[in-house]
Amino acid sequence: MANAAVYGRLQKKVWEGSIPLSIRLSPAECRTYDDSDPYLIQCPRLSYLPFLLPRIRAFFASSLIDPEVQAHDGWFAFESLPLKWHLPVGLLYDLFSGAEPASSSADPARGHESRHDEHTGDKKNDNDTETLPWKLVVHFTDWPEDQLIKLDEDGKVIQDAFINGVKEADFLRNGSARVVMGLSKDDSTTLWESVEKHDLNLFNNINNKLLNPPGTSLRHIPLKVYLPTTPATSTPADSGPSANSAGSLRVVQSLVTPFLPSKQPQTLGTALNALLPSVFPSRRNPILAQAVLHGTVMPLAATMEELLRVAAYPDGFLHIAIVMMG
Amino acid sequence: MSTVADFPLASNDELDLAFNHLQEAFYRLQDVSTGWTAVEVKSHLGQRYLRVSRQLVAPDSIADQEDNSVVHEFEEDDPEALQNPVATSRVPRVDYDVILSPIYRVPVVYFRLRDATVRNENPIDTVFRYIVPHDHHHEVKVVGIVGGITMTDHPIEGTPAFFVHPCNTAEALHHAAEQTTALTPLQYLQLWMGIVGPVVGLYIPTVLALKLEGLEQDS
């Protein structure tokens, strides 16, 4: 297992990953219809879209038909699909942009660390010209309440969603959420600030307390796997809104231990094979689908514990997008 | 009937058994009024879960909860409702979905209000107005940042729903059971509902509880 310095360097690479966004105001809300300048920003992959809202609201102030709208009324869509604001920007891009993930031609059975080095940043391939900058539309009216949770003026809703994720990750790692519940109020405020400000040093000050509580060993790997799904087939009329629009997501979670019963380390391949055997029939080779993390196809031989140490999102989870092949 | 093997944690099979019992008992009651309008075991991609629907009534007529006419009286008093003449399909209701958390391995309740929203009202305020009994308001508000009840994406349908965060559920079940840890899946579900349910107004109606007792003795 590599040393802390290597982990630190790789984690820094992951934090440096970013995506150029080009955000237009919804024509229906714009005084000049579709003739407004886009708001351009290089956005960290680990960040959340609502962080941009105050600046975007200010940028479009003179274009808005309704000047009364507030920053927290804002929501984003890609090709008419409302984007879940509680998912990190990089994950949304990997799931919905249609961009080919970066991959390595190296033998997947070999060590994977060098590939982190090469590809954690965003990829440079022909496909980029089509998908980058990622073109989004911001709306400040007609919040899609059946699809997105409303934000609030004080930013409590998004903070709460983040902290729920942190608690869940803590519960998975340690078997209880006592560590995160035991953080001082200042520490938990700082943790959230570090995510808002995208400040890795500040983040690590607090996160290291969460990751290395004395006297505990890692029980489970916080892992969420995202599968874009096809529309649901039948929806009884009275069952209300259901996840049947294009861009529906199936989120798969299970208890993933760092080691297999055979004492071998759990790899991404063994974990995905156990979780989704029909999508990952092989533990070693991607046959039907690829596992994408931070824009990069992950080798199935990567061990889960090492991935967790270097490539977890700020909420403590490995959020992995599944991209079907062919 | 076998007991829950890994109490206070539950498995899909155990909950499935309890869900089916509850559904069966509910339908055996036929026309007996329970306050619940439907109990359904649903299934999605191999994951089974329980949906309980209940009509909602105004907070000040809770005492008359089982009298459906109260709903109409309330609607007539509601300035918003005046714009929409009362139709039976527009009676506000709540759908509770009870789903096993693969992480916490305890049941979690997700719920949605139907036809209860008042324009421009914050959804959580609607929940407090209709669902959370007054003596639980403080307890629900002090937990977490927003409160013990927050919104999240429904784990199966992927669309927004309220839920009660399950991080303390296993411990609460453990304490509540005291020495008795040999619970049948149905007793487990009832115990869970007794702990988590009250804050969101999810109680097993008395007539249904009696019916369940009869069923369990038969099996």
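This note goes through the interface, the sheets and a surface patch of a predicted model.

1. **Extent of the interface.** Chain A and chain B bury about 2300 Å² between them. Carbon and sulfur atoms account for 61% of that area. In chain A, the residues that lose the most area to chain B are I149(A), D160(A) and F171(A). Together they make up 22% of what the chain A side buries. By contact, 28 residues of chain A meet 25 residues of chain B.

2. **Polar links across the interface.** Three residue pairs are in polar contact between chain A and chain B, counting pairs with both residues at pLDDT 80 or more. Helix α6 of chain A, residues 156-174, gives the largest share of the side of chain A that touches chain B. Its share is 10 residues.

3. **The salt bridge.** The rule finds one salt bridge across the interface of chain A and chain B. K84(A) forms a salt bridge with D153(B). Their closest N and O atoms are 3.0 Å apart. The cut-off for such a pair is 4 Å.

4. **The five-stranded sheet of chain A.** This sheet is open, and its pairing is mixed. The strand order is β2-β1-β5-β3-β4. Which strands stand at the edges? They are β2 (39-44) and β4 (81-82) of chain A. Each has a single partner strand, so one side of each is left without a neighbour in the sheet.

5. Take the pair β3 and β5 of chain A, residues 75-78 and 134-139. These strands run antiparallel and are joined by three bridges. A77(A) stands opposite V137(A), which belongs to β5(A). As background, strands of a sheet pair through backbone hydrogen bonds, either parallel or antiparallel.

6. Strands β1 (residues 36-44) and β2 (residues 47-55) of chain B run antiparallel. Eight bridges join them. W36(B) has R54(B) in β2(B) as its bridge partner. Two residues lie between β1(B) and β2(B), which form a hairpin. In the turn, L45(B) has a positive phi of about 45 degrees.

7. **A nonpolar surface patch on chain A.** Which residues form the patch? I287(A), L288(A) and M324(A) do, on the surface. Their accessible area together is about 280 Å². M324(A) lies in strand β10 of chain A, which covers residues 318-324.

Definitions and conventions: Residues numbered from 1 in each chain as written. Chains lettered and ligands numbered in written order. Predicted model: local features only at pLDDT ≥ 70, side-chain atom pairs only at ≥ 80, totals over all residues. Heavy atoms only, no water. Patch = residues over 30% accessible without salt bridge, like charges linked within 9 Å, V, L, I, M, F, W, Y side chains within 5 Å. Areas by Shrake-Rupley, 256 points an atom, 1.4 Å probe, with all protein chains shown as cover. Salt bridge = Lys/Arg side-chain N within 4 Å of Asp/Glu carboxyl O. Helix = DSSP H or I, 4+ residues; strand = E, 2+ residues; numbered from the N terminus. Pairing = 2+ DSSP bridges. Contact = heavy atoms within 4.5 Å. Buried area = accessible area lost by both parts, 1.4 Å probe. Polar contact = N/O pair within 3.5 Å; in protein donor to acceptor, adjacent residues only side chain to side chain.
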